[in-house]
Amino acid sequence: QVQLVESGGGLVQAGGSLRLSCAASGRARSIYAMGWFRQAPGKEREFVAAIKWSGENEISYYADSVKGRFTISRDNAKNTVDLQMNSLKPEDTAVYYCAASRTYYSGSNYKMENMYDYWGQGTQVTVSS
């Protein structure tokens, strides 16, 4: 089993920045990809960013809506994945969830929720206008 705990959410003004962190514990070495999803009030959960790795090779993916503003990164030694969010907009307001996958899909961008095996509880991000 793998446990995921998100941190770093909060309230920020439009144009500001936040950094979310997701810490994996348990059998973290069995993970091959991690992602961030978000769910705004009244909307379905959507993909934000993902990172997959094989050895020292890492590939990251982003939703079009956050490309150029958000950066996903991994710290292998700490078993954490961070999401640096810059130039935040009110439409970025949502609960952000971290997810982890036990399977390495070489041809996948990990944008589908069913590719993930573990989920965190979520952290609230609120961007005021």
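Which residue forms a salt bridge with Arg38? The partner is Glu46, and the closest N and O atoms of the two are 2.7 Å apart. Before I go further, colleagues, a word on the model itself. This is a predicted model, in which local features need pLDDT of at least 70 and side-chain atom pairs count only at pLDDT 80 or more, while totals for chains, interfaces and linings use all residues. Residues are numbered from 1 along each chain as its sequence is written, and side-chain values use heavy atoms, with hydrogens and water left out.

Let me stay with the salt bridges. The term stands for a side-chain nitrogen of Lys or Arg within 4 Å of a carboxyl oxygen of Asp or Glu. By this rule there are eight salt bridges. For burial, I call a residue buried under 20% relative accessible area, exposed over 50%, and partly exposed in between, with a 1.4 Å probe and protein chains only. Arg38 is buried because its relative accessible area is 5%. Glu46, at 36%, counts as partly exposed.

Next, the elements of the chain. Helices (H or I, at least four residues) and strands (E, at least two) are DSSP runs, numbered from the N terminus. Asp82 and Arg19 meet through their side chains in a salt bridge of 3.1 Å, N to O. This pair links distant parts of the chain, since Asp82 is in strand β8 and Arg19 in strand β3 (residues 18-26), 63 residues apart. Asp82 is buried, with a relative accessible area of 15%, whereas Arg19, at 41%, counts as partly exposed.

A further salt bridge joins the side chains of Glu113 and Arg45, at 3.0 Å, N to O. Glu113 lies in the loop between β9 and β10, and Arg45 in the loop between β4 and β5 (46-54), so the pair ties together parts that are 68 residues apart in sequence. Glu113 is partly exposed at 30%, and Arg45 counts as partly exposed at 26%.

Arg45 has another contact, with a ring. A charge sits over a ring if NZ of Lys or CZ of Arg is within 6 Å of the ring centre and within 35 degrees of the ring normal. Arg45 lies over the face of Tyr97, 4.9 Å from the ring centre. Likewise, Arg74 lies over the face of Trp53, at 4.0 Å from the ring centre.

Arg74 brings us to strand β7 (residues 70-75). The covered face of β7 carries Phe70, Ile72 and Arg74, and the uncovered one carries Thr71, Ser73 and Asp75. Two strands pair if DSSP finds at least two bridges between them. Strand β7 pairs with strand β8 (residues 80-85) in the antiparallel sense over six bridges. Asp75 has Thr80 as its bridge partner in β8.

What is the phi of Asn79 in the hairpin of β7 and β8? Asn79 takes a positive phi near 55°, in a hairpin with four residues between the strands. Most residues other than glycine have a negative phi. Asn79 counts as partly exposed, at 23% relative accessibility. Tyr110 also has a positive phi, of about 55°, although it is not a glycine. Tyr110 is found in the loop between β9 and β10, and its relative accessible area of 0% is why it is buried.

Finally, the aromatic rings. Rings of Phe, Tyr and Trp (its six-membered ring) pair if their centres lie within 6.5 Å; planes under 30 degrees apart count as stacked, over 60 as edge-to-face and the rest as tilted. A search of the whole structure finds six aromatic pairs. One of them is edge-to-face: Phe37 and Tyr116, 5.3 Å centre to centre, with 85° between the planes. Trp119 is partly exposed, with a relative accessible area of 25%, while Phe37 counts as buried at 1%. Phe37, Phe47, Tyr105, Tyr110, Tyr116 and Trp119 form one aromatic cluster.
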